[in-house]
Amino acid sequence: IIEKIKKAGRYFLNSKDITCGIDVHQDFVTAGHLEKLKRTNAKKGDGIFVVSENERKSVAKTQVEKDILKPYFTTRELRPYVGRSDNSHWVIYSDKHVVAAIKKYPNIKAHLDKLSPVITTDSAPYGLHRARKEDFFLGEKIISLRKTMIPHFSLVNFPCYVSQSFFVIKTKALDQKYLAGFLNSRLCHFWLAKKGKMQGEALQVDKAPLLEIPIVNDADGKNKESMKG
């Protein structure tokens with residue numbers, strides 16, 4: 001069966017089609033952080049680079065500050081095949097440009113200054129550890145969960161920023177609706193279980209296994225409906 005799948009494959013994802021999600025490094029206050037933050041009123045679960053809707057209102061009070069808080073998604077909203085756009089958290093998307101101009105964002109700066117004793121990113125205390133190329137989080141794309149019991153590929157067409165628990169797939173070579181169906185199929189599950197990585201009984205869908213999946217290039221669209229199973 002593996003050999004038949006290999007022979008049927010006509011396309012492989014390109015390395016440039018895939019990126020890892022944001023390496024936030026410090027998303028929320030943990031129990032281990034509290035000793036270093038005892039001079040503040042910080043509590044376990046408070047947002048650092050990832051904030052709730054309520055925290056967003058105090059962290060971003062000006063329009064320029066609101067503009068760099070991006071919708072942040074987890075498996076609560078992202079399901080196999082599709083994702084919902086009703087996010088409940090926001091990531092302070094502080095790439096190198098934001099870090100260089102941090103004085104433009106006084107409330108965000110004050111928020112991160114307060115939590116600076118526990119921020120250990122490469123651009124501490126104001127920058128994310130790895131912001132990634134922002135274009136991947138915009139437009140139509142597929143969000144791939146790295147550790148999962150079954151294939152977990154979500155097709156989304158809205159701004160969707162995710163952690164490094166996910167990969168983002170964005171290609172112009174294939175119809176991405178078809179590709180999402182193919183990647184979620186039982187056929188792809190069989191391939192990943194036999195030829196990909198496993199962590200216990202779970203699939204470990206890292207970049208290498210994604211690049212090795214033989215895909216039938218469905219240029220004429222004939223196979224879209226057949227991929228739903």
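Contact means heavy atoms within 4.5 Å. The model is predicted: local features need pLDDT of at least 70, side-chain atom pairs count only at pLDDT 80 or more, and totals for chains, interfaces and linings use all residues. Residues are numbered from 1 along each chain as its sequence is written, and side-chain values use heavy atoms, with hydrogens and water left out.

**Exercise 1. Describe the surroundings of Asp17.**

Solution. 
- Asp17 sits in the loop between α1 (2-8) and β1 (18-20). Helices (H or I, at least four residues) and strands (E, at least two) are DSSP runs, numbered from the N terminus.
- List its contacts. Leaving out residues up to four places away in sequence, Asp17 touches Tyr11, Phe136, Val168, Ile169, Lys170 and Thr171.
- Check burial and charge. Asp17 is buried but has no salt bridge. Buried means under 20% relative accessible area, exposed over 50%, and partly exposed in between (1.4 Å probe, protein chains only). A salt bridge needs a side-chain nitrogen of Lys or Arg within 4 Å of a carboxyl oxygen of Asp or Glu.
- Find the nearest opposite charge. That side chain is Lys16, 9.0 Å away. Lys and Arg count as positive, Asp and Glu as negative; His and the chain ends are not counted.

**Exercise 2. Work out how Tyr93, Phe137 and Tyr161 are linked by ring pairs.**

Solution. 
- Start with the search. The whole structure holds five aromatic pairs. Rings of Phe, Tyr and Trp (its six-membered ring) pair if their centres lie within 6.5 Å; planes under 30 degrees apart count as stacked, over 60 as edge-to-face and the rest as tilted.
- Classify Tyr93 and Tyr161. Their ring centres are 5.3 Å apart and the planes stand at 65°, so this pair is edge-to-face.
- Locate both. Tyr93 is in the loop between β5 (89-92) and α4 (96-100), and Tyr161 in the loop between β8 (153-156) and β9 (166-169), so the pair ties together parts 68 residues apart in sequence.
- Classify Phe137 and Tyr161. Here the centres are 5.0 Å apart and the planes at 25°, so the pair is stacked.
- Locate Phe137. This residue is in the loop between α5 (106-115) and β6 (141-145), 24 residues from Tyr161.
- Check burial. Tyr93 is buried. Phe137 is buried at a relative accessible area of 0%, and Tyr161 is buried at 1%.
- Conclude. Ring pairs join Tyr93, Phe137 and Tyr161 into a cluster.

**Exercise 3. Inspect the backbone at Pro125, Tyr81 and Arg132.**

Solution. 
- Read omega. It is about 0° between Ala124 and Pro125, a cis peptide bond. Pro125 lies in the loop between α5 and β6.
- Read phi for Tyr81. The value is near 80°, positive in a residue other than glycine. Tyr81 belongs to strand β4 (residues 81-82) and is partly exposed at 31% relative accessibility.
- Read phi for Arg132. The value is near 70°, again positive in a residue other than glycine. Arg132 is in the loop between α5 and β6 and is partly exposed at 30%.

**Exercise 4. Summarise the chain.**

Solution. 
- Count the elements. There are eight helices and eleven strands.
- Of the 229 residues, 48% are buried.
- Among contacts between residues at least 6 apart in sequence, 68% join residues at least 24 apart.
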